[in-house]
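The sequence and structure come first.

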Amino acid sequence: MTPGFVDLHVHLREPGEEAKETILSGTRAAVAGGFTSVAAMPNTRPVNDSALVTRLIRQRAQDADLARVYPVGAISKGLAGEEMAEIGALRDAGCVAVTDDGRPVMSASLMRRVLIYSAPLGIPVMVHEEDLTLSAGGALTEGPRATRMGLLPIPRSEEVGGRLHVAHVSCAASVALLREAKRRGLRVTAEAAPHHFTLTDEAVDGWNTHAKMNPPLRHPEDVAAVREGLADGTIDAIATDHAPHGLVDKQVPYAEAANGVVGLETALPLTLELVRSGALTAGRAVELLTSGPAAAFGLPGGHLAPGAPADVTLVDPGAEWTVEAARFQSKSRNTPYEGRKVTGWVVRTVVGGRTVWPLEERR
């Protein structure tokens, strides 16, 4: 028995792209994976840059009545990176953080204003650590494989600073910068996705678009560094970056394919792979899925104690199964793990003292 899992980085696609995912199907996938709380990214259509959209998301989550959904608002209006969104209004409407997610804020002036404005509000600023002057047009991590495949590379030059939450850390250099920032006492937190600590760029061989994401899959030394950062506390949370896409988005030439993979229903067994290999202790794995992410965004879950939310995940850590995307609760099937034999199964998910998974046992 563990505290309910908390995911700081989920794309629920509603409103606007309900063919890929809805708040109902996304939270079904969440509870199936043991997640009792998820933070919903703002790159919806329309963008969650207003209190109106935030309230819509909260209402749809209330109607679904499964996992707790915490909206994350946009840093900039329309995710355009030009004008700051009404961050105070977003917070008051229920947003727990702000981010432009897959779009880095390239304006240093805007980022400075956002950091200053957000500080007294107590709301984290989540950043997509990328410089578009380096990565524009890139489809694959920099290295021999990108050269052989004739694709523009995405290099590993990344920086962090200020009071930030760094999304989907993927590079050894990023881990080193984060470690130094924490050594200096800066209030910086970070997350890593399962695909960045279990796969390398070898997974894209054969033009496998299900292994295309941003940041891209990296090299073995990067995977090793991310695992070390998870173990030593440099990285605070495991977050899935659950990004549903339809067949039409992936069954195209590699360079044209959409970035992203679904991850809510495979996060537990992939994390347990690190435990079995000795890269993580079982206790640290639980922290990365529960108390670490909850603390990063100041969420009420992530621990079990009198007065805490009665969010609980029951796990069979020895259950063996094979990943079959057709059986996912998510509406989308874009996973690079199809056919992978994994160990670790969510037996029951409880939110607020109420069973929400398995669905047939809801009460």
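## Nonpolar core

A nonpolar core is here a set of buried Ala, Val, Leu, Ile, Met, Phe, Trp, Tyr and Cys residues joined through side-chain atoms within 4.5 Å. The structure is a predicted model. Its largest nonpolar core has 57 residues, of which Phe 35, Val 125 and Leu 230 touch the most other members. Helix H1 (residues 23–32) gives the most to this core, contributing five residues.

Leaving aside neighbours within four places in sequence, Phe 35 is in contact with Phe 5, Val 6, Asp 7, Ala 30, Ala 67, Thr 240, Leu 264, Ala 267, Leu 289 and Thr 349. In soluble globular proteins, nonpolar side chains tend to be buried together.

## Helix H4

Helix H4 spans residues 108–121, 14 residues in all. From first C-alpha to last it reaches 20 Å, close to the 20 Å expected at 1.5 Å a residue. Just after H4, Gly 122 takes a positive phi of about 70 degrees.

The buried residues of H4 are Leu 110, Met 111, Val 114, Ser 118 and Leu 121. Seen down the helix axis, the buried residues fall within an arc of 90 degrees, so they line one face of H4. These buried residues pack against helix H3 (87–93) and strand S6 (125–127). The face turned away from the buried side carries the exposed residues Ala 108, Arg 112 and Pro 120.

## Thr 189

Thr 189 lies in strand S10 (residues 188–192). Its relative accessible area is 19%, and the cut-off for buried is under 20%, so Thr 189 counts as buried. Apart from neighbours within four places in sequence, Thr 189 is in contact with Leu 164, His 165, Val 166, Asp 236 and Ala 296.

Note on methods:
Residues are numbered from 1 along each chain as its sequence is written. This is a predicted model: local features need pLDDT of at least 70, side-chain atom pairs count only at pLDDT 80 or more; totals for chains, interfaces and linings use all residues. Side-chain values use heavy atoms; hydrogens and water are left out. Helices (H or I, at least four residues) and strands (E, at least two) are DSSP runs, numbered from the N terminus. The expected span of a helix is 1.5 Å times one less than its number of residues. Buried means under 20% relative accessible area, exposed over 50%, partly exposed in between (1.4 Å probe, protein chains only). The arc is that of the directions from the helix axis to the C-beta atoms. Contact means heavy atoms within 4.5 Å.
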